[in-house]
Amino acid sequence: PFEFKDFGQLFAQRGDRNDVLLLFLHGLGDTGQAWFTRLPSIFGLPKATYLCPTAPKLAIPGMPQSGVVTSWFDESVIQSLMFSSSATDIMSTAQPRIMQKSIDYCHFLIRNEIERGIPAKQVFLGGFSQGGCVAVRAALSFPDARLG
C-alpha cells in the first residue's frame with residue numbers, strides 16, 4: 001500500500017501455509033537481505049515463512065555514505081542519537097510514536113500472512129538492535145490476535 005512506499009525491499013521465503021512465520025527486523029543501517037540469508041540456518045525451520053523487510057532510508061546530515069541510512073525510527077531520534085552525549089537517556093525514554101510507522105508496517109505484514117493461513121499463535125517477531133525494539137513493540141501491540 002501507498003502508506004508503506006518508503007520501506008525498502010521485502011525479502012521473503014514462503015513456507016507451508018500452516019507452519020510458522022518469523023518476521024525479523026534488521027538493525028540501524030542494515031537491510032533485510034543481510035539477515036534473510038542467515039535465518040533459515042540459524043533457526044533450522046525449513047517449512048517456516050521468513051520475512052525480512054528493509055527499513056526506510058533517511059538522509060541524516062553528518063552521516064557517512066552521503067548521509068543515507070536505513071532506520072526503523074523516525075529522523076528526529078536518529079539525529080538526537082548522533083549528536084547527543086547520552087544515547088542511553090534517549091533510548092530509555094523512546095516512545096512508540098517514533099517508530100509507529102514501522103510498527104504499522106509490521107502489523108500489515110502479519111495480517112497478510114495470517115490471511116494466507118498462518119495461525120496467529122505461530123507468528124513470531126524478532127530483530128537486531130533497533131529492529132528488536134520495533135519487533136517487541138509491534139508484537140505486543142498487535143490488535144487483531146494474540147501472537148506466538
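Predicted model: local features only at pLDDT ≥ 70, side-chain atom pairs only at ≥ 80, totals over all residues.
The protein chain contains 6 helices and 6 strands. Read from the N terminus, its elements follow the order β-β-α-α-β-β-β-α-α-α-β-α. The chain has 148 residues, of which 39% count as buried.

Two packed helices are described by the angle between their axes and the distance between the axes. Helix α5 spans residues 100-116 and helix α6 spans residues 130-141. The two pack at an angle of about 60°, and their axes are 9 Å apart. Helices α5 and α6 are therefore oblique to each other, and their crossing is right-handed. Ser141, which is located in helix α6, is partly exposed, with a relative accessible area of 35%. Between Ser141 and Ile103 the C-alpha to C-alpha distance is 8.4 Å, although 38 residues separate them in sequence.

The count of salt bridges comes to 5. In one of them, the side chains of Asp6 and Lys101 meet at 3.1 Å, N to O. This pair links distant parts of the chain, with Asp6 in the segment before β1 (11-13) and Lys101 in helix α5, 95 residues apart. Both ends are partly exposed: the relative accessibility of Asp6 is 38%, and that of Lys101 is 39%. A further salt bridge joins the side chains of Asp144 and Arg111, at 2.5 Å, N to O. Asp144 lies in the segment after α6 and Arg111 in helix α5, so this pair ties together parts that are 33 residues apart in sequence. Asp144 is partly exposed at 46% relative accessible area, as is Arg111 at 30%.

A salt bridge is also formed by Arg116 and Glu113, whose closest N and O atoms are 2.6 Å apart. Both residues lie in helix α5, 3 residues apart, or about one turn of the helix. Arg116 is partly exposed, with a relative accessible area of 22%, whereas Glu113 counts as buried at 2%. Elsewhere, salt bridges that share partners join Lys5, Asp6 and Lys101 into one network.

On the surface, a nonpolar patch is formed by Ile42, Phe43 and Leu45, which together have about 270 Å² of accessible area. Leu45 is placed in the loop between α2 (39-43) and β3 (49-52) and is partly exposed, with a relative accessible area of 37%.

Most residues other than glycine have a negative phi. Ser129 is not a glycine, yet has a positive phi of about 55°. Ser129 lies in the loop between β6 (123-127) and α6 and is exposed, with a relative accessible area of 55%.

Definitions and conventions
Residues numbered from 1 in each chain as written. Heavy atoms only, no water. Patch = residues over 30% accessible without salt bridge, like charges linked within 9 Å, V, L, I, M, F, W, Y side chains within 5 Å. Areas by Shrake-Rupley, 256 points an atom, 1.4 Å probe, with all protein chains shown as cover. Salt bridge = Lys/Arg side-chain N within 4 Å of Asp/Glu carboxyl O. Helix = DSSP H or I, 4+ residues; strand = E, 2+ residues; numbered from the N terminus. Buried < 20%, exposed > 50% of the residue type's maximum accessible area, 1.4 Å probe, protein only. Axes fitted to C-alpha atoms, helices over the stretch in contact; angles between N-to-C directions. Parallel < 35°, antiparallel > 145°, perpendicular 65-115°, else oblique. Left-handed = near helix turned anticlockwise from the far one by under 90°.
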